[in-house]
Amino acid sequence: MKLRDIILFGMMLTGFAGCADFLDVQPQDKQSEKQLFATRGGYYMAVNGIYNKIAASALYGKNLSFELVDVISKRYQPLLANTYLTALSTFAYTDNSVEKELSSTWTAAYNTILNCNVVLENIDGSVGVLPEQERRMLKGEMLAVRAFLHFDMLRLFGPVYKLNPDGESIPYNESSRVSVLPLLTADSVIHEKILRDLNEAESLLANSDPVIAGGPMASLEDGQDVYLRYRQLRMNYYAVLALKARVYLYAGEQARALDVAKKLLTDPKVNEYFPAVDPTKLLANQRNPDRVFSTEVLAGIYKKDRVAVYNSYFSSSSAGNNYLHPRKDFVSTNLFASETQDYRFQTWWQVSSGVGETGHMLIKYKDIDKPSGETDSEYFYAIFMSLIRLSEVYYIAAECEPVLEDKYGWLNEIRGRRGLPVSPVISEEDFMTRLRVEYLREFLGEGQIFFLYKRLFGNIIPSENGYDLNTYEAKEENYVLPMPSGEIENR
């Protein structure tokens, strides 16, 4: 496999107005690496190719968002007719179809990482092609993407960190050369590699990322430089901070996670640039509601065919054997119980409409009408899926606060953003129960729930189980996915 050639099929970066044109996939003629990185546009073409790979089905366009990782966290009750999804839902990782999909995700992640390294090596070796600000910005982005992908490979295929931080985990690729790399301990991957890359990315982006002065800039006006806009579609400065907090929490370093989370949550620009979803435009809007709460997303992916996600997996009338749905009554009885005023219940869930179907279906990714005469930014959320939400930073701060009242304080801030009343301060046990419920409500269809269970090494209990009424005790064989056999054989 000529992995290094992958980057040379980069995506065309056009200058037309609108985010759809900005990230459209248009294959180019194969060209040499030297030619590609000889121009400013060539760098952005290569970087766009990387972001499009992140949005592919093997990564965050399916497997690492609404399907594979959600199914193994018992979010849905797949139809028996779909043998792949039913195998996933029972942790049958040795099933041929499951093995194939896991291998696809591993390969896609490491191919994309290799592509990041190609860009990084050329940035370091070039002089005068990019303005200095953009050189620092793109280097920071690529370091952050590299760390981001490695971290999710660690969270999937590495050991349960809480139990075995010194256990053998994954390779960390820092080169564009194709070679067999050693498996590192989980602790060394996090502390010697991922956090190193994120610290450098933060430093580079702190004085080069346009998001700090201009915010997300999710639209394009005449005469504006498209290269420096749509910062929510990039691993921007604020997303890097959130990712650092996520990594520290996973590593059990709560004090450091809290410090980084507070750096974000106390920054007035964050509230200005990533405001809470406006309920007046959400609840009373049946034609084009912002169901993904895009204003609160720090970083996400461009998913031009996002409507196909809903039609192919979540629509009870059109999904067929792929239909993903929680068990009957789970959403109203368990997930939201007495809090059906929650904006997420009101806008993300709908009573199933298919023949013979019962319960609720997820409409988070359902199609919306394009507003007539409105700006691109107001339709941006129709082709957008989240990678990192600001709400997660609130949850991290809440979990890491040493004082119980402060834990509830952060939790209640985000509950207020969801139309919910203040939770009284009761106990640590009550707080963790509420926090887990928040994760279940907030991240369904986005892949973070499995990682919560693995990090806590927690049981999946009936009230949280969208699959059936059983308790699934925490087991390493369920939470540590097997490395692809091809990777093992090459060692």
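Let me begin with charge: the protein carries 52 positive and 64 negative side chains, and the centres of the two sets lie 2 Å apart. Here Lys and Arg count as positive and Asp and Glu as negative, with His and the chain ends not counted; each charge is placed at NZ of Lys, CZ of Arg, CG of Asp or CD of Glu.

This is a predicted model, in which local features need pLDDT of at least 70 and side-chain atom pairs pLDDT 80 or more, while totals for chains, interfaces and linings use all residues. Residues are numbered from 1 along each chain as its sequence is written, and side-chain values use heavy atoms, without hydrogens and water.

On overall form, the radius of gyration, taken over C-alpha atoms, is 22 Å; this agrees with a compact globule, because 491 residues would give a value near 23 Å by the rule of 2.2 Å times the number of residues to the power 0.38. The C-alpha trace spans about 60 × 55 × 50 Å along its principal axes.

Turning to the interior, 61% of the 491 residues are buried, that is, under 20% relative accessible area with a 1.4 Å probe, protein chains only.

Beyond four places in sequence, Leu298 is in contact (heavy atoms within 4.5 Å) with residues including Tyr238, Phe274 and Val393.

Methods. Buried < 20%, exposed > 50% of the residue type's maximum accessible area, 1.4 Å probe, protein only.
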